[in-house]
Amino acid sequence: MTYPNINAKRSRNQLTMEELATKLGVTRKTLYNWMESGNIPQSKLELMADLFHCSIDYLLGRATPKSPDMQVRKE
């Protein structure tokens with residue numbers, strides 16, 4: 001299972017898989033495995049939704065974003 005909206009948000013915010021994994025507190029391999037298997041933990045989906053300022057439904061491809069120019073906060 002792929003999540004094109006997660007990859008699109010990551011790309012738009014100029015984050016590599018490694019950088020996103022670090023922000024989620026996991027390794028790049030763990031993040032890759034979650035995305036491939038379709039088993040992303042709820043807590044990490046919530047963190048991604050906060051990071052990208054969008055809904056979990058959007059990340060999973062179930063809804064459209066509220067605003068097309070949503071950006072991630074650089075910390």
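Buried, in this tour, means that a residue has under 20% relative accessible area, while exposed means over 50% and partly exposed lies in between, all computed with a 1.4 Å probe on protein chains only. The model is predicted, so local features need pLDDT of at least 70 and side-chain atom pairs count only at pLDDT 80 or more, whereas totals for chains, interfaces and linings use all residues. Residues are numbered from 1 along each chain as its sequence is written, and side-chain values use heavy atoms, with hydrogens and water left out.

**Stop 1: helix α1**

Select residues 4–12, which form helix α1, and colour N5, I6, K9 and R10, the residues that are buried there. Looking down the axis of α1, you find these buried residues within an arc of 135°, so they line one face of the helix; the arc is that of the directions from the helix axis to the C-beta atoms. Helices here are DSSP runs (H or I, at least four residues), numbered from the N terminus. Now show α2 (17–24), α3 (28–37), α4 and α5 as well, since the buried residues of α1 pack against them, where contact means heavy atoms within 4.5 Å.

**Stop 2: two loop residues**

Move on to Q14, which is placed in the loop between α1 and α2. Its phi is near 55°, a positive value in a residue other than glycine, and Q14 counts as exposed because its relative accessibility is 66%. Then select H53 in the loop between α4 and α5, where phi is again positive, near 55°, in a residue other than glycine. H53 is partly exposed, because its relative accessible area is 31%.

**Stop 3: the nonpolar core**

Next, select I6, L20, L31, I40, M48, F52 and L59, which have the most contacts inside the largest nonpolar core, a group of 20 residues. Such a core is a set of buried Ala, Val, Leu, Ile, Met, Phe, Trp, Tyr and Cys residues joined through side-chain atoms within 4.5 Å. The elements that give two or more residues to this core are α2, α3, α4 and α5, and α4 gives the most, with 5 residues.

Stay with M48, which is found in helix α4 and is buried, with a relative accessible area of 0%. Not counting residues up to four places away in sequence, M48 touches I6, L20, L24, I40 and L59. If you draw a distance between the C-alpha atoms of M48 and L20, it comes to 8.7 Å, although the two residues are 28 residues apart in sequence.

Now select L59, which lies in helix α5 (residues 56–59) and is buried, with a relative accessible area of 0%. Leaving out residues up to four places away in sequence, L59 touches several residues, including Y3, K9, L45 and C54. The C-alpha atoms of L59 and Y3 are separated by 7.1 Å, while the residues themselves are 56 residues apart along the chain.

**Stop 4: a buried lysine**

Finish at K44, which lies in helix α4 (residues 42–52). What is the nearest side chain of opposite charge to K44? It is E46, 10 Å away, and K44 is buried yet has no salt bridge, a term for a side-chain nitrogen of Lys or Arg within 4 Å of a carboxyl oxygen of Asp or Glu. For charge, Lys and Arg count as positive and Asp and Glu as negative, while His and the chain ends are not counted. The side chain of K44 does reach the backbone oxygen of L24, at 2.6 Å. Leaving aside neighbours within four places in sequence, K44 is in contact with L24, V26 and W34.

Terms used:
Polar contact = N/O pair within 3.5 Å; in protein donor to acceptor, adjacent residues only side chain to side chain.
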